[in-house]
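This report gives a short account of the structure shown below. It begins with single residues and then turns to whole chains and their contact.

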Amino acid sequence: MSASLKVANQPGTKPAAEAPKERSNPVLRRFLRHKLAVIGLIILLTLIVVAVFAPQFAPYDPNAIMATYDDHPSAAHRLGLDQVGRDVLSRVIHASRISLSVGVVAVSIYVVIGTVLGSIAGFYGGKLDIVLTRIADMFLSFPQIMLILVIVSMIGPSIWNIMVVLGLLGWPPIFRIVRGQFLTLREQDFVQAGRAMGAKDSRLIFRHVLPNSLGPILVSATFGTATAILTEASLSFLGLGVQPPQASWGNLLIDAQSITVIESMPWLWVPPGALIFLSVLAINFVGDGLRDALDPRLKR
Amino acid sequence: MLSYLVKRLLIALPVLLGVTVITFTIINLAPGDVVDLLVDPNISATDLAALRESLGLNDPVPVQYAKWLGQLLQGNLGYSYVNGQAVAERIGDRMGATLSLSLFALLIAYLIAIPVGVISATKQYSLIDYISSILALVGVSVPNFFLGIGLIYVFALKFQWLPVSGMYTLGGDNSLFDLLRHMILPAFVLGAGTVGQVTRYTRSAMLEVVRQDFIRTARAKGVSQTVVIYKHALRNALIPVITLLGLQIPNLLGGAIITEQIFSWPGMGRLSIEAISSRDYPVLMGLNLMAAVLVVLGGLVSDILYSLTDPRIRYS
């Protein structure tokens, strides 16, 4: 247990950034052996590069309106034009920025909240632990998308509101993981030894226990990013997420609620839908690979 | 066993109470109140104030909560801002459609997932295992609106095998066959995530059971592979898989919102979209509250089933 978890806090958890000479790192080696995870990581990195350099990759301004509209894909407009006359390819490329960043920001917010609350509950235990655990249970009881829909309809839909609401509601799973890690680890010898040597609580939490929880947190955050991207896409698809003219993969599919568009203009809805699917799949592959790499007990 | 049941119920109760607190808080934060929406705009300000007073809207918030909870326990979820209909009634009208769709989705999902998971596990690391593992992840990753639109494009528009949307053919005979035809696509979309989850779960549960001593014993006795897998192993692997049923409720209720919207399915999911566009907060919170209660009960049932079917489990 502790052996595998100690591995988890080494920098090898970010395989892409590693130099080749560090290949002896067992986590990295196990991750690289997971073919789908490597493919997922390559897809994901490609999408991130395209998102970061969107203005360079996009052939047109995403909001520029051309002379015609509803055009089939052509040499000038690889994915055709939308119902207003904007270049679909440029919009899809720019949308990747929005969609990916919503996922990353939302998850970052709730990882911080979940880790802080989970550490407090797991380390100190007692009444505080019971109260926090019950609160987490309460938030887990609502189907997340329903609660988000209500809150967003009240505070108004926008990219920032989506990030914040997803971030504020998403913490219970991370909380549970961190709390569980603290409960098992706080009684272990190395923590007890630290305590016996007079280490402060903060040192025990940040230097001894938390680094050992990084693996499970990272895995959960990876899967969480996939879920957050899906949720943003669903909200935007329903018109309650990122608002046009700003493009997100989800709101590019809004037009596809009409049968005419579905039937005769597939270039409007297939590319953004396929990209949501591809990015979520890639992230889930990476998550699977990370989990297997960080916790060898699950394999074989 | 009994003490575990009691303990588990005692944990569920404060969670349910907390759920009502969250629901009430959100309704209270929502802009506007009943008076704003139901009352004749020409009424004077003093009369409005009097009306608010008589409805208890000026009471301290905890008192309002207590009254609201009292009504809730008697089955009164409040009244719709839109047409004044009782929320419980509005939701009740739509429940059947969502329930039948969800059950059909679960049925399809389990019928696909369990055999695939079992085959995947018995042929671990084979091509079949590889493909089904990828497909399981695909099921979890595909956005249900994209899957829905894609299926409509292929099966309803290109080949015209199945209807595009709705629950019955307009002016049709409302037969069970007609209902099933309308239900196939949305149920598959709603169940896709469950297929992925249950496949993965069945596979790992099977792999775990197959490694145990009693399976080795059965094999050593010369029991055939088929009997070992389908009689000895599957029975034990199914326990955790079946209890997963109770935990599918949040997925199904959340997924129903998008699925029902795409397929114009007249259920609770579509009601929540309608309620959002008309800012009908009592209906919205009624839906949320009901969903949360169902989720808590689902978790409870799943835990109890688990402890009943697996005597090895001892809860402290």
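In this predicted model, B:Q160 is exposed, because 9 other C-beta atoms lie within 10 Å and a residue with 12 or fewer counts as exposed. B:Q160 is placed in the loop between α7 and α8 of chain B. Its phi is near 55°, which is a positive value in a residue other than glycine.

A further residue of chain B also has a positive phi without being a glycine: B:S264, at about 45°. B:S264 belongs to the loop between α11 and α12 of chain B. With 13 other C-beta atoms within 10 Å, B:S264 is partly exposed. The table sets out the two residues.

| Residue | Phi | Loop of chain B | Other C-beta atoms within 10 Å |
|---|---|---|---|
| B:S264 | about 45° | between α11 and α12 | 13 |

**Chain A**

Chain A contains 13 helices and zero strands. Of its 300 residues, 50% are buried. The C-alpha trace of chain A spans about 75 × 50 × 30 Å along its principal axes.

Two places in chain A may be considered in detail. The peptide bond from A:P244 to A:P245 is cis, and its omega is near 10°. A:P245 is found in the loop between α11 (201-237) and α12 (259-264) of chain A.

The other place is A:D129, which is part of helix α6 (residues 126-141) of chain A. A:D129 counts as partly exposed, with 18 C-beta neighbours inside 10 Å. When residues up to four places away in sequence are not counted, A:D129 touches A:A121 and A:Y124. Between the C-alpha atoms of A:D129 and A:I113, which are 16 residues apart along the chain, the separation is 15 Å.

**Two helices of chain B**

Two packed helices are described by the angle between their axes and the distance between the axes. For α6(B) and helix α8 (residues 176-210) of chain B, the angle is about 140° and the axes are 7 Å apart. The pair is therefore oblique, and the crossing is left-handed. On the side of α6(B), the contact is made by B:S132, B:A136, B:L137, B:G139 and B:V140. The residues of α8(B) in this contact include B:A192, B:G193 and B:R200. By class, the contact of α6(B) with α8(B) has five nonpolar, six polar and one charged residues.

**Where the chains meet**

How many residues of chain B are in contact with chain A? There are 38, and they meet 35 residues of chain A. On this side of chain B, the elements that give two or more residues are α1 (2-29), α6 (127-141), α7 (144-158), α11 (249-262), α12 (268-277) and α13 (281-309). The residues of this side divide into 31 nonpolar, six polar and one charged.

In soluble globular proteins, nonpolar side chains tend to be buried together. The largest nonpolar core in this model has 157 residues, and those with the most contacts inside it are A:M146 and A:I148. Leaving aside neighbours within four places in sequence, A:M146 is in contact with B:L253, B:G254, B:I257, B:S272, B:L287, B:N288 and B:A291.

Notes:
Residues are numbered from 1 along each chain as its sequence is written. Chains are lettered from A and ligands numbered from 1 in the order in which they are written. This is a predicted model: local features need pLDDT of at least 70, side-chain atom pairs count only at pLDDT 80 or more; totals for chains, interfaces and linings use all residues. Two residues are in contact if their C-beta atoms, placed from the backbone, lie within 7 Å. Helices (H or I, at least four residues) and strands (E, at least two) are DSSP runs, numbered from the N terminus. Ala, Val, Leu, Ile, Met, Phe, Trp, Tyr, Cys and Pro count as nonpolar, Asp, Glu, Lys and Arg as charged, and the others, Gly among them, as polar. A nonpolar core is a set of buried Ala, Val, Leu, Ile, Met, Phe, Trp, Tyr and Cys residues joined through C-beta atoms within 7 Å. A residue is buried if 20 or more other C-beta atoms lie within 10 Å of its own, exposed if 12 or fewer, and partly exposed in between; C-beta atoms are placed from the backbone. Axes are lines fitted to C-alpha atoms, for helices over the stretch in contact, and angles run from 0 to 180 degrees between N-to-C directions. Angles under 35 degrees count as roughly parallel, over 145 as roughly antiparallel, 65 to 115 as roughly perpendicular and the rest as oblique. A crossing is left-handed if the near helix is turned anticlockwise from the far one by less than a right angle, and right-handed if clockwise.
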